[in-house]
Amino acid sequence: MLTVLFDHIEALGLVRSVVTVPWLYPALSALHIVGIGTLFGSIAAVDLRLLRFLGSQFDPALPILVKMAVFGFALAVTTGLLLASVRISDYAQNNAFLTKMTILAVAGFNAWLLRRLRPGADLAALVGTLRGRLSATASLFLWLGAVFAGRWIAFI
């Protein structure tokens, strides 16, 4: 059943265009990297502030950094889906890809949980708290792990 679904995805016109239009795959790949960089750079700054490695002068920038991270995530997911769709049946059997998807789910849950436990709270209010420090530490390791797993996809 999954094989039929994967074959259908790989046969979609947009997915076929990614393969047949010479410049499209490299452009999507570059945009995927831009998305990852925007996401990770923004999240790393937020996490470093939650851990008090960055000073309080960064507090006003926290909401903007979160919005940048969401944008980077959206760009990375959109381009990543298109890139993976080209060979989704192969990726579905690739342990590095599956590991990356698992890490992304846990990282997303960690971010959701941080905000859910203090709904409406300004992130600056979580700086230095146990919840903020634990979430930030997990976040840094998870997003870094997703980047490493993503790089291994091509080598497995």
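This dialogue walks through a few features of a predicted model.

Colleague: How many helices and strands does the secondary structure of the chain come to?

Modeller: This predicted model has 7 helices and 0 strands, so that from the N terminus on the order is simply α-α-α-α-α-α-α. Along the principal axes, the C-alpha atoms fill a box of roughly 50 × 30 × 30 Å, and among contacts between residues at least 6 apart in sequence, 75% join residues at least 24 apart.

Colleague: Which residues are buried in helix 7, and how should I read such a list?

Modeller: An α-helix has 3.6 residues a turn, so residues three or four places apart point the same way. In helix 7, the buried residues are Gly132, Ser135, Ala136, Ser139, Leu142, Trp143, Ala146, Ala149 and Gly150. The helix itself covers residues 130–152, and its 23 residues reach 33 Å from first C-alpha to last, close to the 33 Å expected at 1.5 Å a residue.

Colleague: Where is the place of asparagine 94, and why does asparagine 94 count as buried?

Modeller: Asparagine 94 sits in the loop between helix 5 (88–91) and helix 6 (95–117). Buried means under 20% relative accessible area, and asparagine 94 counts as buried because its relative accessibility is 8%.

Notes
Residues are numbered from 1 along each chain as its sequence is written. This is a predicted model: local features need pLDDT of at least 70, side-chain atom pairs count only at pLDDT 80 or more; totals for chains, interfaces and linings use all residues. Side-chain values use heavy atoms; hydrogens and water are left out. Helices (H or I, at least four residues) and strands (E, at least two) are DSSP runs, numbered from the N terminus. Contact means heavy atoms within 4.5 Å. The expected span of a helix is 1.5 Å times one less than its number of residues. Buried means under 20% relative accessible area, exposed over 50%, partly exposed in between (1.4 Å probe, protein chains only).
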